[in-house]
Amino acid sequence: MAGLLEQRSIDVVPDDERHGTAFSQFTLWLGANLQITAVVTGALAVVFGGGAFWSVIGLALGNLLGGAVMALHSAQGPRLGLPQMIQSRAQFGVKGAVIPLALVIVMYVGFFASGSVLAGQAVGELTHLGETPGIVIFALVTALMAAIGYRVIHMLGRVAGVICAVAFVYLGIRLLDRIDLGAVLADRAFDLPMFLLAVSLAASWQLAFGPYVADYSRYLPRTTSARATFWWTLSGSALGSQWSMVFGVLVAATAGDAFLAGQVGYVVALGGTGLIASFLYFVIALGKLTINVLNTYGGFMSLVTSISGFRGQKTLSPRGRALYITGIMVVGTVVALLGKDSFLASFKDFLLFLLTFFTPWSAINLVDYYLISRERYDIPALADPRGRYGAWRWDALTVYGIGLVAQLPFLATHFYTGPLVGPLGGADISWVVGLVVPALLYWLLARRDTTHIPEHTILPAQAASGEDSGAGTTGTAAART
């Protein structure tokens, strides 16, 4: 256990602690996406009125587009060796980064809760204790694995990827034996709003990984190819999610109310009874465990990043990690228990609403990293509000705010529908606006003043080589690479 327990948190990972290959991103994200919530997400495209044929195509497009954005974030990990949201201090300021971070933390709690609802059903059936005890047991196991950290998360992803892939192949065979696939896909009538809903559901699924995807690539050696990291991340995430979502489309298109009445129970009944049913309940719990551990770990990172921006904290002990994770677990479990009876409708709105807040952040972060700073950052300054990045970077925060407001006319949820949704036939294209508008505005604004960008990435001396190599621009011993 001592070898598995992660010692790092929000601090940079030294080169001598780096390990693994880019292929680890494929196994992690494949395992994280072969799970029941992705099945439900795909099913929503049909449940809310879409045809199976165009839903499958729309989901594929959304997974590729959103997955590409998510994978661009993943490629930042090996280069900087930092958690994703720490790096965003370069755009928003050491304290200003807390504004998008607060929304990120809400996202993690929401995903923890929604995942616990479905996994709790499986654990409750597997243990014969019922749904509520199942949710609590699942939450405790999730918190324990998240507290252990990075290595066990990747191990879990590899195991889940293999086991869940076998289970989904089996379930797919069982489903195709029951349905007439040609008849299900025969309706080719194109409905633009429903097609865009499918695209948005998949894109939001992928974009929601953006704020933490680099957390799981930051231990890769600095020499790891950015291209390899990008493609292995994209292929694992897009393949796993599309596989699950297509299964969800076919189930929803053929099962109707039987699926809506109990997603977990229906999927397990499709596979069989007895030992097979027990195995499938285990698979559902395992798949949800993988993604919920990611959400809990990401929530912990984001919470520590938020607090440390004001306290000047650079490291965190394993005990401190455990306390933060316990807090996230408790809040997420309470939300799960309160919302378990209205899961399906709430989850769709939750996904699309969160997308509103994360697309402008992704746009600003990626434009800064790849086009403005060109991968050059002063890492010690990311912990210093008086350093080159300052406490608040109002240019990026203003663009972020504009990006949020620009999406509102195009947003369609049960609790708010923008005025331009009707003229577009009910289509929700807010996520496209949320990527394009802030990306263009930030690029136009940020390229006018690049004085805060170092000539080379500046690393803490102790992380780069263990030697004091002189003072960086923030007065901290640093090394140039």
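**A walk through a helical model**

Start at Met-107, which sits in helix 7, a run covering residues 98-127. The model is a predicted one. Met-107 counts as buried, because its relative accessibility is 1% and the cut-off for burial is under 20%. Now look across to Phe-358. Along the chain, Met-107 and Phe-358 are 251 residues apart. In space, their C-alpha atoms are 9.7 Å apart.

Step back to the whole chain. The protein has 20 helices and 2 strands. Along the principal axes, the C-alpha trace spans about 70 × 55 × 40 Å. Of the 481 residues, 60% are buried. The exposed surface comes to about 17800 Å², and carbon and sulfur atoms supply 67% of that area.

How do contacts relate to distance along the chain? Take the contacts between residues at least 6 apart in sequence: 85% of them join residues at least 24 apart. Met-107 and Phe-358 gave one example of distance in sequence set against distance in space. Gly-262 and Gln-121 give another: they are 141 residues apart along the chain, with 9.3 Å between their C-alpha atoms. Gly-262 lies in the loop that links helix 13 (257-261) to helix 14 (263-271). Is Gly-262 buried, exposed or partly exposed? Its relative accessibility is 21%, so Gly-262 counts as partly exposed. The cut-off for burial is under 20%.

Next, go to helix 3, which covers residues 52-74 and holds Ser-55. Ser-55 has a relative accessible area of 2%, so it is buried. What does the side chain of Ser-55 meet? One of its polar atoms lies 2.6 Å from the backbone oxygen of Gly-51. Beyond the neighbours within four places in sequence, Ser-55 touches Ala-45, Val-46, Gly-50, Ala-198 and Val-249.

Follow the chain to helix 12, residues 226-255, where Gln-242 is found. Gln-242 is a polar residue to check for burial. Its relative accessibility is 16%, so Gln-242 counts as buried. Which side chain makes a polar contact with that of Gln-242? The partner is Asn-63, and the distance is 2.8 Å. Apart from its neighbours within four places in sequence, Gln-242 is in contact with Val-56, Leu-59, Ala-60 and Asn-63. Helix 3 runs over residues 52-74, so these partners can be looked for there.

Now the charged pairs. The structure holds 4 salt bridges. One of them joins the side chains of Asp-378 and Arg-388, at 2.9 Å from N to O. Asp-378 and Arg-388 both lie in the loop between helix 17 (343-372) and helix 18, so the bridge ties together parts that are 10 residues apart in sequence. Asp-378 is buried, because its relative accessible area is 1%.

Another salt bridge links Asp-384 to Arg-386, with 3.8 Å between the closest N and O atoms. The two ends of this pair fall into separate classes. Asp-384 is buried, with a relative accessible area of 16%. Arg-386 is exposed, with a relative accessible area of 78%. Arg-393 and Asp-395 also meet through their side chains in a salt bridge, again at 3.8 Å from N to O. Arg-393 counts as buried at 14% relative accessibility. Asp-395 is partly exposed, with a relative accessible area of 26%.

Val-405 counts as exposed, because its relative accessibility is 54% and the cut-off is over 50%.

How values were computed
Residues numbered from 1 in each chain as written. Predicted model: local features only at pLDDT ≥ 70, side-chain atom pairs only at ≥ 80, totals over all residues. Heavy atoms only, no water. Buried < 20%, exposed > 50% of the residue type's maximum accessible area, 1.4 Å probe, protein only. Helix = DSSP H or I, 4+ residues; strand = E, 2+ residues; numbered from the N terminus. Contact = heavy atoms within 4.5 Å. Areas by Shrake-Rupley, 256 points an atom, 1.4 Å probe, with all protein chains shown as cover. Polar contact = N/O pair within 3.5 Å; in protein donor to acceptor, adjacent residues only side chain to side chain.
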